[in-house]
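Please keep the viewer open while you read.

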Amino acid sequence: MIVTTTSTLQNKEIVEYIDVVYGEAIMGANVVRDFLAGISDIVGGRSGTYEGKLSEGREIAVREMKEKASKLGANAVIGVDLDFETLRDGMMMVVASGTAVKIN
């Protein structure tokens with residue numbers, strides 16, 4: 001499955017636009033992990049814990065979006081956009097969206 005942020009694919013012809021597809025991931029934060037990440041931020045280092053959670057959420061959202069596109073018969077997703085939101089109580093949401101298409 002080809003996934004791209006562009007609206008076209010070089011050397012590929014889009015033969016069918018199928019539908020908009022989404023993948024979502026809502027990640028909870030752990031109080032102990034938050035505390036340790038806060039110490040890292042105070043000391044001046046990068047928060048590997050939060051970076052890892054962000055990466056995990058992105059991977060889940062993109063994988064879910066690709067699975068939905070595949071179920072619709074698509075072999076590519078174009079125009080992909082990733083959105084990140086912080087929700088209440090230390091929750092983070094990642095949404096991947098794009099257009100499922102068939103290409104030659």
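1. A word on burial to begin with: a residue is buried under 20% relative accessible area, exposed over 50%, and partly exposed in between (1.4 Å probe, protein chains only). By that rule, 27% of the 104 residues of the protein count as buried. The protein exposes about 6600 Å², and carbon and sulfur atoms supply 52% of it (Shrake-Rupley areas, 1.4 Å probe).

2. Some ground rules. This is a predicted model, in which local features need pLDDT of at least 70 and side-chain atom pairs count only at pLDDT 80 or more, while totals for chains, interfaces and linings use all residues. Residues are numbered from 1 along each chain as its sequence is written, and side-chain values use heavy atoms, with hydrogens and water left out.

3. Now the layout. The protein has 2 helices and 4 strands (DSSP runs, H or I of at least four residues for helices and E of at least two for strands, numbered from the N terminus). Along the sequence the pattern reads β-β-α-α-β-β. Among contacts (heavy atoms within 4.5 Å) between residues at least 6 apart in sequence, 77% join residues at least 24 apart.

4. The sheet is open, with 4 strands in the order E1-E3-E4-E2 and mixed pairing; two strands pair if DSSP finds at least two bridges between them. At the edges are E1 (2-3) and E2 (14-27), each pairing on one side only. E3 (residues 76-86) and E4 (residues 92-103) run antiparallel over 9 bridges, with Ala76 partnered by Val101 and Ile78 opposite Thr99. E1 and E3 are joined in the parallel sense over 2 bridges, and Val3 stands opposite Val77 there.

5. Do look at the hairpin of E3 and E4: 5 residues lie between the strands, and Asp89 takes a positive phi near 55°.

6. Which residues have the most contacts inside the largest nonpolar core? They are Val21, Met65, Ala69, Val77 and Ala100, in a core of 13 residues (buried Ala, Val, Leu, Ile, Met, Phe, Trp, Tyr and Cys joined through side-chain atoms within 4.5 Å). E2, helix H2 (48-71), E3 and E4 each give two or more residues to this core, and E4 gives the most, with 4. Ala69 touches Met1, Val21, Ala74, Val77 and Ala100, not counting residues up to four places away in sequence. A second, separate core of 6 residues includes Leu9, Ile14, Ala76 and Ile78.

7. Leaving aside neighbours within four places in sequence, Ser97 contacts Val21, Tyr22, Met65, Gly79, Val80 and Asp81.

8. Finally, the charges. There are 3 salt bridges (a side-chain nitrogen of Lys or Arg within 4 Å of a carboxyl oxygen of Asp or Glu). Lys102 pairs with Glu16, the closest N and O atoms being 3.7 Å apart; Lys102 is in E4 and Glu16 in E2, 86 residues apart. Glu24 and Lys68 meet at 3.9 Å, N to O. Glu24 lies in E2 and Lys68 in H2, so this pair ties together parts that are 44 residues apart in sequence. Lys68 also bridges to Glu64 at 3.4 Å, and both of these lie in H2, 4 residues or about one turn of the helix apart.
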